[in-house]
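Here is a short note on the disulfides of this model. Keep the structure open and follow the points in order.

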Amino acid sequence: MAMEPAVDITELYAAHRLALVRLAVLLVDDVASAEDVVQDAFAALARRPDAVRDPSKALAYLRVAVVNTARSALRRRRTARAYSPPHDLSPPTPEDSAVLAEEHREVIVALHTLAPRQREVLVLRYWSDLSEAEIARTLDISRGTVKSTASRALVALERAMHAPVTPSSREEER
Amino acid sequence: MSTTPGAPDLEARLRVALAARADLVRGEDLAPLATATPVRRRWPTPWVLLAAAAVVLLVLGVVLQGVGGRTRSDEVAPEPDAPQLELPADVGRDWKADDLSSPARLDLDGDGRKERVDFLAEPTEDFDGRVRLQTTVSTTGEQAYGIAELGTTIGTSALDPIDADGDGDQELVLYFDDPSAVGGGGYPLVFDLRDGLLVRAVVEDPELLVRGSVPVDGSATEHFRMVHLHDYWFEQGTLWSSRSVNAYAEGNMTLLRPETIVVDAWRWALGDDGVLRHVEEACLRQGLEASQPCGNDTENELPSIVPVAGETIGAGGRAVFDVGYRYTVSVEAGDPATLVVRGEDGRTLRHDLAVADARVSTTQPTSVMSDGASFYVTSASDPSYAQVLVQDGDRLRALDTTGDVELTDDATTRTWLTAGGALVTAVAEEEGAWRAWQWQMVSGAEMAALPSGTVCFDDPSDPATVRRC
């Protein structure tokens, strides 16, 4: 007798895709990349249908995959930038045209100047509302490291918000 | 919960900004991939099964697009719940033990008698083949074997045995050496006797069970990168590993770390499924020789930036430098004054000092250069002046600086030489914090500053008042 899938991927996809894309966009800051990240996360789960046997753990699994894949995407982006033309000529997406209030924009720009681990901790804590223990499990670090990283990240964020905008931070913003 | 004094406003602002940014992503803006058909948790009829399967294929077909040519998703995704053990192939019965290898002796089957495990090397031109682990189990008299890849077949020997699954027998621990790692790197390999085979345990989070320095993504600059320090060790038959909480600058063959660092530590246990997992966590203050629990002190030790070497000589002064390359120095009055160096090898070097009222430290700036004569020069009439002179054959050369840090001494950038010979510059940051840097010679004519930590001062004009922030 054929085994039933451990979790229903289409159901997961319908239920969590938007939330995961929103999580990813806070990590990579453009919707196209965020969608790719989430697709990769679901593709990883599709390749390993037995990876998660408990459906209640599927979202946590996908969240880990999104964070890991977003980090890889940023790494690839850094590498690619060395060989890319200085201006992005692709047309704006509808989402790109939406306006973020200046007060929020300042925070988001500063957020993207932080180290990836710091950004991840802040996003998981202040947007995903995860506990320290959940963040520790998601990022595979200790609770103490979560606490110290969050503390340092807030200091760095505040500092970055008061720093003059540099060409590189504008590039991040795009 | 706030983690930083004065941060609640920032935390609230961050929370609102993140929500606002996330809310800009609307469902209707996403590529139209979502399923349009409600999907049930069970498949009631073959027709529904087929229809739903088509939806799954449609979704996954698009999901899988674009994956090729990049990092595979399953390489960055978390591991499955149940990692698979790899059983060893029965190869290498005729391989020979390397002359420098030592058999291991440990109680693999828990009967109180130690088995002898021989390490037979696969013959290859570069001595980089596999190693057959071979023993006779004392309780059964049968041969057991395993296969290890250790990077080299030369000089195989075992580390301390452990009882990672707490069942009273011992597991064999070998190690993979990474000769390319600064300060030594690599990781342990644990072999458990399972069903007559020496099977290598699968490590659930292998990045936490390594030794050496692991770079922080995106931290590399021309002259240094930031690294976390990892280690593993054995304690009364258990395996522990650690990772430094802070990252430290590594570059120019140097690692800038305080003598004692704070680390997260984990004890590793072997499960029935053959997977090695970290099961206990601790905070340790790790010194160069020993470690102790953090207790209430989880903050890092201050970098070595004091005491200040305050003694200098001016025109008419003379000093002896007798550590390493021995030489004497005198400052001859004149306009400009001249530094005269007489080395123990009979060489005499003369150098015109390019500043009025020059003061030459009687401590050598060994952090910059110690393979010959070197000097830290300041000026009594120009407090901002700072310069390093190094021996270049039969002359002295003033080093240029490279990088973002300026070699000067003013209200926001303080520079001094420590009694230990470290040339330190502290640059003021926000909220009274200062970032400390230590200078290193990075080419024949240049020196660069490597970050050594963030500190605060009760009185920024007096480095002796340094404290944690």
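1. B:Cys469 is exposed, with a relative accessibility of 55%. Its partner in a disulfide is B:Cys456, which is buried at 5% relative accessibility. Buried means under 20% relative accessible area, exposed over 50%, and partly exposed in between (1.4 Å probe, protein chains only).

2. The sulfur atoms of B:Cys456 and B:Cys469 are 2.2 Å apart. A disulfide here is a pair of cysteine sulfur atoms within 2.5 Å. The torsion about this S-S bond is about 110°, so the link of B:Cys456 and B:Cys469 is right-handed.

3. What does this pair tie together? B:Cys456 sits in strand E31 (residues 446-457) of chain B, and B:Cys469 in the segment after strand E32 (466-467), so the linked parts are 13 residues apart in sequence. Helices (H or I, at least four residues) and strands (E, at least two) are DSSP runs, numbered from the N terminus.

4. Another disulfide joins B:Cys283 to B:Cys294, S to S 2.0 Å. The link of B:Cys283 and B:Cys294 is left-handed, with -75° about the S-S bond. B:Cys283 lies in strand E16 (275-286) and B:Cys294 in the loop between strands E17 (291-293) and E18 (312-313) of chain B, so the parts tied together are 11 residues apart in sequence.

5. B:Cys283 is partly exposed at 24% relative accessible area. B:Cys294 is buried at 6%.

6. The structure holds 2 disulfides over all chains. In chain B the pattern is 1-2, 3-4, counting bonded cysteines along the chain.

7. On sources: this is a predicted model, where local features need pLDDT of at least 70, side-chain atom pairs count only at pLDDT 80 or more, and totals for chains, interfaces and linings use all residues. Residues are numbered from 1 along each chain as its sequence is written, chains are lettered from A and ligands numbered from 1 in the order in which they are written, and side-chain values use heavy atoms, leaving out hydrogens and water.
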